[in-house]
Amino acid sequence: MTSPGRRGATPVPDVPPTGRRFGEEGGQLTYGGYLRLDELLAQQVPQADPPAHDELLFIVVHQAYELWFKQLLFELESVRDHMIAGEDERARHELTRVRAIERVLIEQIEVLETMTPQDFLEFRTLLTPASGFQSVQFREVEFLSGLKDPRSMQDLAALPDDLALLARRLEYPSVWDGFCSLLERHGLPMPRDDVDARRVSLLAIADDRAHAALFAVSEGLLDHDESFSTWRYHHVLMVEREIGAKRGTGGSSGVSYLRSTLGKRFFPELWELRSLL
């Protein structure tokens, strides 16, 4: 194998057992082929006629959101499963990635805010039947985190398979369920129907240094909750900056609806714990 930066040396190909060479043509694996860039880059299809300059930006940012939501779901499922298996350190580590992804989601709002209201109006009417609150993956993140509200499915213009997926999410264990299971493994009762018993256990992980690893996991969960709430807040401000008090697309009431979601919490008992210390 040629050393990095050397010129003129005869390279010795590093051929894996499969015989595939990364970066070679002729049917071998390439960067674009591995990432399926032809298919990926064909998915940005502006609809405005005449073309609106900022429509491509709008599509790219929202498609990027959906890709990050996909990764969030993957990581949160893993966090839940690690907690159920009693692997607190693995769960804590992967929660740091969840928080890092959510910081990216927040930063993307600044990119959208470079679009002026006048720019948005050039293509906004095309979006009238659709709205961001119809995102199935966004609802999946909420349900998986523990915020399970069947009423939110009523506003989705979703395919039957998507609605069935969300219905299953309502039934599957959430990240909060995984955390409760983790505490139970350590002899700390977290009964579903006894909030007082859960408070005693949560106070124990906060007060007893012997449970420092469990408290670190709870802090990672709170980081996820806080980051998602921060994203909601910045998203509201961005929408208000773009459309003011106008009704939203997809039949929503716009900013007033979004503001009504700002108090949502994935883990209210972890927030309440602060008042009990």
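The buried residues of helix H6 in this predicted model are Val136, Gln137, Phe138, Arg139, Glu140, Val141, Glu142, Phe143, Leu144 and Ser145, where buried means under 20% relative accessible area, exposed over 50% and partly exposed in between, with a 1.4 Å probe and protein chains only. H6 spans residues 136–145 and is mostly covered, ten of its ten residues being buried; helices here are DSSP runs of H or I with at least four residues, numbered from the N terminus. These buried residues pack against helix H3 (55–84), helix H7 (160–171), H8, helix H10 (212–243) and H11. At the start of H6, the backbone nitrogen of Phe138 has a side-chain oxygen of Ser135 within 3.1 Å, while just after the helix Gly146 adopts a positive phi of about 125 degrees.

Residues are numbered from 1 along each chain as its sequence is written. As the model is predicted, local features need pLDDT of at least 70 and side-chain atom pairs count only at pLDDT 80 or more, whereas totals for chains, interfaces and linings use all residues, and side-chain values use heavy atoms, with hydrogens and water left out.

One of the partners of H6, helix H10, contains Ala216.

A pocket is an open set of points on a 1 Å grid over the protein atoms alone, with protein on both sides within 12 Å along at least five of seven lines, and lining residues have an atom within 4 Å of a point. The volume of this second largest pocket is about 300 Å³. Its lining comprises 15 residues, with Ser174, Trp176, Asp177, Cys180 and Arg192 nearest the centre, and by class it has seven nonpolar, two polar and six charged residues.

Confidence can be followed through pLDDT, the predictor's confidence in each residue from 0 to 100. The protein chain averages a pLDDT of 87, and 83% of the residues score at least 70.

Terms used. Helix = DSSP H or I, 4+ residues; strand = E, 2+ residues; numbered from the N terminus. Contact = heavy atoms within 4.5 Å. Polar contact = N/O pair within 3.5 Å; in protein donor to acceptor, adjacent residues only side chain to side chain. 1 Å grid on protein atoms, 1.4 Å probe; cavity = no way out; pocket = protein on both sides within 12 Å on 5 of 7 lines; lining within 4 Å. Points joined across faces, edges and corners; volume = space filled by probe spheres on them. Nonpolar A, V, L, I, M, F, W, Y, C, P; charged D, E, K, R; others polar.
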